[in-house]
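Here is a short tour of a structure with a ligand and several domains.

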Amino acid sequence: MIKSQQRIYAVLVPLLSVIIALLIAAVVIVLVGNDPLKAYWEMLKGAFGGAQEIANTVVKTTPLILTGLAVGFGFRAGVFNIGAEGQMAMGALFSTMVAMNLGSMPSVFAIPITLLVGMGVGAGWAAIAGALKAFTGAHEVISTIMLNWIAYYLGNYMVAAPLAVGSGTPKSPEIAPSAKLPPLLTVHATELTSGIIIAVIAAVVMYVILEKTSVGYEVKAVGFNPYAAEYGGISIAKNVVLSMAISGALAGLAGAVEAMGVHHRYLGALTAGKGFDGISVSLIGQNNPIGIIFAAFLIGSLRTGSNAMQFLGVSKHVVMIVQGIVIFLVAAERIVRTIMIYLRFRRREAGMES
Amino acid sequence: MEREFDPRDYAVAMVGITKQFPGVLANDNVTLLVRKGEIHAVVGENGAGKTTLMNQLYGLLRPDSGKIYVFGRELNLKGPRDAINAGIGMVHQHFMLVDNLTVAENIVLGSETRRGVIFDLRQARMRVKELSESYGLMVDVDAKIEDIPVGMQQRVEILKTLYRGAEILILDEPTAVLTPQETEELFEILRKLREAGKTIIFITHKLNEVMAVTDRVTVMRQGKVTGNLITKETNPREIARLMVGREVLLRVEKQPNEPDDVVVEVEDLWVKDNRNLDAVKGVSFYVRAGEIVGIAGVAGNGQTELVEALTGLRKAHKGKYMLLGQDVTNLSARELRLRGLAHIPEDRHKYGLVLDFPNYYNAILGRHDQEPFCRSSFLDHDVILKYTKELFETFDVRPRIPEMPSANLSGGNQQKLVVAREMSSRPKFIVISQPTRGLDIGAIEYIHKTILRLRDENVAVLLVSMELDEVMSLSDRIYVMYEGRFTGEVRPEEVTLEEMGLMMAGHTWEEVRGTVATR
Ligand SMILES: Nc1ncnc2c1ncn2[C@@H]1O[C@H](COP(=O)(O)OP(=O)(O)OP(=O)(O)O)[C@@H](O)[C@H]1O
Ligand SMILES: [Mg+2]
């Protein structure tokens, strides 16, 4: 009874938020002199109008699922990992560097190795912040932000000097073909990579870890109440580092999948804020692995659709507004929830009087 | 009742209140009538619905049905703000103060009259001081909350309500965390407040307190009111019967037991407190299997730090701690648990429970990574649920809903859950701190019997309690603690309460016996 009600809310709140956000954004669109219905129609077509559009949306969704899981796992464990961006960059950079040299290795080995490198490096990068928190008390928000900058400049330097190839945008050489993720299907220039499968598997694994294992039990206990955790024989230091590492592994995986499935190399713009988007995604998905998949899909389709909307002269910033409002409403879900409870209360009182 | 019911006769009239939680009918057509200027006790078993009833009076919960009148006026409370405006103040079962703010700041926080914080604070300081003096609360308004003892913190909560103009005070189990001395002082304050015309609703599990300060009593049981009594015309036995629905032993019978080998040996242990001052100053003692060793003392004399050091939650900086012949000084809680330690902590919210966890998760805290609950890192939910159900059955934790978050249990049932978990972990050595804090008399009886049963099963038991009665009636041997040291080691049958009091105030056993003998 309690459970089912909670589940309904979990779906209803974000859904309502999206609708309200779209309505508010519609006002903005009118104000800038466009027809919101037309704009939204274009957006819809841009995101789902055909095979290529859908493929595009899925490609945009994939890394968002993974960074969303990264941040979401952190939240569940009581750590605020703002560093998914940097962990993703490091994961992409190092998996590229390894994958460049795997030319003679068959895919069955090359792909898992490259993925593992991405995860391992992401985990290690995040674990630095975890260890700083566990042993010196440095807050992870500060240290992960600083690690983001280090990762950003390290990546830029690597593609500007030691790894640089070609002209134009600084970029690394291509990775070995055997390390590329095989496309599920190719429409025109768009490849729908198998990365989405990896992302969904990661969500399932995260769910299992959190809900079915003693590791999940411990990280959640530390997140909720570190005193009780310690009392129960759970090491706070170990679990803070572990939570950050798992979170970072997911972000690193996002980087590896992006490098292996989309760009086939490392370039400075590879992450492009997807790590930060992970924060929004996990908030909208309420830190629930399944919710995160849907939230990533929502943001992914809004992003793809916004490109189409731009042809009408509607700035893609409108999409940012929608995204902002959705997050605001979900984060402030209490508001929506309170309104709903209030309405029900009113209805019942009215019913009692009659 | 000869006369027609008229809400104007009462400061508080809650009539026909019903409140349903998922799976629990917490209040079932409850009527509570409190006259102006009286101290009115609300008593009842754990989970009887006392806190729920008060939360409705304070606007934190809305009744499903029923009416609330305050000074004859019907109220439709939408939140605590409405209740405060109607002159109601509440001191909660678990305090809600901000640790690193001063007393005055805490009191102003969230008050209506906000006009620039600085101006307000100056005024507030004066006003708080005045209030504090006129009711004899003696609070230092500039002290930080974290630096003052619990008893003082509670007075701050009372001051807060008075500052906001409360005419009706609700105190939810205020004495559960107080020393007998502090309790006596609180009663003085309550009597002063009553003289000043305030109305007080006082929740407690201790019937002697009911007898000592209250004018009337409302007894609740399983969500219903089972009695309305005038204190002068009743007695603890009658109240107990109405509460529990049967006769209760107000004191357990203890059989002598022959202790076995030494299980725990502590030598010259030194422990520092949070401010880095010595809290435990070189204590030495031992506990044998099949023996209950009590530690008596006024709160704040190092018992907390001693317990934390023995249970792996705090480091000792000197001394030796042996458990079953092994040196376990400064081992972690985990390692100690693996060696057979169990621990009932004094603060169930800080240490005992992860409140956001469902009950069945809390039921295995500390053993969550061990068979049969966990096999190669995977939790076995079926086993855990079954175990939790049995635990709830045996220790009568209510309601028996394993999936419910522990935050939704009543205070006493949270305590029962902690006690149940620790006592069922088959310990060799159990450290029990304030085990019956917040428990009703029926539950206390059961817990006391269980402690004795553990002893008879050859467990080494260390019992730390501020309830002198509890220590005296259960322990086989008692160490009295004062300012970090033991002032004496005694057997309960060979000392008087008066002698215990002297030792708790710092006199050694030799001194005490010396003075007694020379008299
Ligand atoms: N938010 C909630 N959700 C679900 N059940 C609740 C909630 N709050 C209280 N309950 C249930 O309502 C019943 C009454 O609880 P309440 O806290 O009023 O008891 P109490 O008389 O104050 O007990 P205690 O002496 O142990 O503090 C309990 O069974 C409790 O589990
Ligand atoms: Mg209560």
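## Domains 2 and 3 of chain B

In this predicted model, the C-alpha centres of domain 2 of chain B and domain 3 of chain B are 26 Å apart. Their contact (heavy atoms within 4.5 Å) takes 21 residues from domain 2 of chain B and 15 residues from domain 3 of chain B. Between them, these two domains bury about 1300 Å², with 61% of it on carbon and sulfur atoms. Buried area here is the accessible area (1.4 Å probe) that two parts lose on being put together, summed over both. Of the area that domain 2 of chain B buries against domain 3 of chain B, 34% is supplied by B:R337, B:P427 and B:Y446, more than any other three residues.

To place these parts in the chain, chain B is divided into domain 1 (7-244), domain 2 (251-340 + 427-519) and domain 3 (349-426). The bounds come from an automatic or database domain assignment.

## The domains of chain A

For chain A, the assignment gives domain 1 (1-32 + 315-354) and domain 2 (63-287). Their contact takes 8 residues from domain 1 of chain A and 5 residues from domain 2 of chain A. The two bury about 530 Å² between them, 66% of it on carbon and sulfur atoms.

## Around ligand 1

Now to the ligand. There are 21 residues around ligand 1, and B:G47, B:T51, B:T52, B:S410 and B:G412 come nearest; a residue is counted as near if one of its heavy atoms lies within 4 Å. By class, this shell has 7 nonpolar, 11 polar and 3 charged residues, where Asp, Glu, Lys and Arg count as charged, Ala, Val, Leu, Ile, Met, Phe, Trp, Tyr, Cys and Pro as nonpolar, and the others, Gly among them, as polar. Domain 1 (7-244) and domain 3 (349-426) of chain B each give the shell at least three residues.

Which backbone atoms lie 2.8 Å from an oxygen atom of ligand 1? One is a polar backbone atom of B:G47, and another is a polar backbone atom of B:K50. The protein covers 88% of the 640 Å² of accessible area that ligand 1 has on its own (Shrake-Rupley method, 1.4 Å probe).

## Reading the numbers

Residues are numbered from 1 along each chain as its sequence is written, while chains are lettered from A and ligands numbered from 1 in the order in which they are written. In this predicted model local features need pLDDT of at least 70, side-chain atom pairs count only at pLDDT 80 or more, and totals for chains, interfaces and linings use all residues, with side-chain values using heavy atoms and leaving out hydrogens and water.

Definitions and conventions
A polar contact is a pair of N or O atoms within 3.5 Å; within protein, one must be able to donate a hydrogen and the other to accept it, and residues adjacent in sequence count only if both atoms are side-chain atoms.
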